[in-house]
Amino acid sequence: MRRVLLARFGEVHLKGSNRPYFLRTLVDNVRKAVEDIGGHVWMAESRIYVSNASDMDECAERVRKVFGIYSVSPAIEMEKDLDAICRQAAEMMKGMRGSFKVICKRSDKKFPLNSQELAAKVGEAILEVNDKLVVDVHDPEIRMKVDIRDHAYLCNTETMAVGGLPMGTSGRAMLLLSGGIDSPVAGYQIMRRGVHVQSIHFASPPYTSERAKEKVLALAKKVGEYEYGMRVHMVPFTKIQMEIHEKCEDGLGTVIMRRAMMRIADRIAKENNCLALITGESIGQVASQTMEALACTDAVATMPVFRPLIGMDKLAIIRIAEEIDTYETSILPYEDCCTVFTPRHPVTKPKIDKVEKEEKRLDLETLIEEAVQNTEILFLKD
């Protein structure tokens with residue numbers, strides 16, 4: 001008898017002829033998540049199992065964060081002896097209250113009892129030692145599951161995992177990470193679709209502080225927990241912002257700044273074999289996120305710009321930020337470059353010809369080349 005972790009996967013089932021590739025990638029990702037705590041990983045009969053980890057609770061939390069995993073359950077693996085199974089199930093249900101149901105699956109058809117007969121025997125054993133439980137086969141509070149496979153596997157709790165697709169099955173993308181609430185959530189949402197994500201941050205010292213930089217790195221590290229680390233490109237942006245502030249029409253400053261960011265992100269993304277950019281924009285949230293402003297911004301990108309939050313309201317975004325534990329860091333009161341030289345009256349419906357005319361006042365190519373060449377690259381991992 002030993003403790004194991006049982007991990008279920010969901011969307012991978014739908015991948016047809018590509019399913020073996022997705023499953024291999026998923027199993028490899030689970031191995032990466034637990035290898036440093038000694039976890040042994042294998043797959044059998046549409047389940048992934050983990051054993052031998054030095055800390056099985058930590059193991060469960062790590063596997064729960066592997067994209068492609070639907071749920072996880074701590075389980076007991078034991079011999080297929082009926083009396084021993086009944087005793088173990090009764091022990092696992094001691095001290096519990098409420099309604100329960102025993103759910104049995106018998107992949108090994110040589111086992112002497114069928115699923116219904118085994119469920120009845122296990123249910124009897126549980127009720128003999130716990131009179132605080134009642135049977136409810138329709139809507140039970142507790143589900144005691146017994147799987148008869150190569151061994152017997154018993155579990156009575158199930159924790160939902162992040163779901164999605166296995167990391168690495170959908171290419172790479174570059175996240176524009178601002179330090180606010182939205183962009184970490186946007187990165188997480190795209191990562192759930194199997195996309196490797198790197199991040200790029202625009203810093204404007206001395207107008208942005210070292211604490212602001214530390215805040216962004218903390219966010220990148222938190223989001224990076226879902227793919228075993230994150231590469232962060234720290235772009236010096238002060239000179240570009242000052243040039244825009246001094247030479248361009250004030251009301252168009254934010255849009256011109258965003259276009260400069262897109263040009264830089266586009267170049268760095270290509271250098272890192274990324275196929276798309278990711279931003280945390282939502283329509284109408286601020287002046288630079290009107291449809292007209294977004295169209296002006298996208299005009300300078302040569303690759304797709306993914307905006308997974310585009311139709312979400314702020315409360316929905318905050319709920320996800322709280323779930324992935326980035327919210328408290330995001331609201332720390334340290335400024336980012338988007339708050340530097342903010343126009344008093346930003347243009348909300350910019351015309352692209354007007355924006356391009358204002359940009360001619362700048363030597364954008366030289367400014368962008370200098371920013372790219374002086375970008376600092378960090379890799380963050382626990």
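Arginine 62 and glutamate 58 both belong to helix H2, where they are four residues apart, about one turn of the helix. In this predicted model, their side chains meet in a salt bridge, with 2.9 Å from N to O. Arginine 62 is partly exposed at 24% relative accessibility, and glutamate 58 is likewise partly exposed, at 33%.

## Other salt bridges

A search of the whole structure finds 32 salt bridges. One of them joins the side chains of lysine 354 and glutamate 358, at 3.8 Å from N to O. These two residues are four apart in helix H12, which spans residues 352-359, and are therefore separated by about one helical turn. Lysine 354 is partly exposed, with a relative accessible area of 34%, whereas glutamate 358 counts as buried at 3%.

A further salt bridge brings together the side chains of glutamate 158 and lysine 145, at 3.2 Å from N to O. Glutamate 158 lies in the loop between strand E8 (152-155) and strand E9 (159-160), while lysine 145 lies in strand E7, so the pair ties together parts that are 13 residues apart in sequence. Glutamate 158 is partly exposed at 36% relative accessibility, and lysine 145 is partly exposed as well, at 22%. Beyond such pairs, Glu61, Arg64, Lys65, Lys222, Glu225 and Asp325 are linked in a network of salt bridges.

## The chain as a whole

The chain holds 13 helices and 15 strands. Its C-alpha atoms fill a box of roughly 85 × 35 × 35 Å, taken along the principal axes. Of the 382 residues in the chain, 53% are buried.

## A hairpin and an open sheet

Strand E2, which covers residues 40-44, and strand E3, which covers residues 47-51, pair in the antiparallel sense over five bridges. Valine 41 has valine 50 in E3 as its bridge partner. The hairpin formed by E2 and E3 has two residues between the strands, and glutamate 45 takes a positive phi near 50° there.

Elsewhere, six strands form an open sheet in the order E14-E13-E10-E11-E12-E15, with mixed pairing. Strand E14 (305-306) and strand E15 (376-380) stand at its edges, and because each has a single partner strand, one side of each is left without a neighbour in the sheet. The partner of E14 is strand E13 (residues 277-278), and the two pair in the parallel sense over two bridges. Within this part of the sheet, isoleucine 278 stands opposite phenylalanine 306 in E14.

## Aromatic pairs

A pair of aromatic rings is described by the distance of the centres and the angle of the planes. The count for this structure comes to seven aromatic pairs. In one of them, the ring centres of phenylalanine 67 and tyrosine 188 are 5.7 Å apart and the planes stand at 55°, so the pair is tilted. Phenylalanine 67 lies in the loop between helix H2 (56-64) and strand E4 (69-78), and tyrosine 188 lies in helix H5 (residues 182-191), so the pair ties together parts that are 121 residues apart in sequence. Phenylalanine 67 and tyrosine 188 are both buried.

Ring pairs also link Trp42, Tyr49 and Tyr153 into a cluster.

## Cysteines without disulfides

A disulfide is a covalent bond between the sulfur atoms of two cysteines. The structure holds zero disulfides. For cysteine 248, the closest cysteine sulfur is that of cysteine 296, and at 13 Å it is too far for a bond; the cut-off used for a disulfide is a pair of sulfur atoms within 2.5 Å. Cysteine 248 is buried, with a relative accessible area of 9%, and cysteine 274 also counts as buried, at 6% relative accessibility.

## A nonpolar patch on the surface

Leu127, Val135 and Val137 form a nonpolar patch on the surface, and together they have about 240 Å² of accessible area. Valine 137 is placed in the loop between strand E6 (133-135) and strand E7 (142-148). With a relative accessible area of 46%, valine 137 is partly exposed.

Terms used
Residues are numbered from 1 along each chain as its sequence is written. This is a predicted model: local features need pLDDT of at least 70, side-chain atom pairs count only at pLDDT 80 or more; totals for chains, interfaces and linings use all residues. Side-chain values use heavy atoms; hydrogens and water are left out. Two strands pair if DSSP finds at least two bridges between them. Buried means under 20% relative accessible area, exposed over 50%, partly exposed in between (1.4 Å probe, protein chains only). Patches are made of residues with over 30% relative accessible area and no salt bridge: like charges are joined within 9 Å, nonpolar side chains (Val, Leu, Ile, Met, Phe, Trp, Tyr) within 5 Å. Accessible areas come from the Shrake-Rupley method with a 1.4 Å probe; for residues, only the protein chains shown count as cover. A salt bridge is a side-chain nitrogen of Lys or Arg within 4 Å of a carboxyl oxygen of Asp or Glu. Rings of Phe, Tyr and Trp (its six-membered ring) pair if their centres lie within 6.5 Å; planes under 30 degrees apart count as stacked, over 60 as edge-to-face and the rest as tilted.
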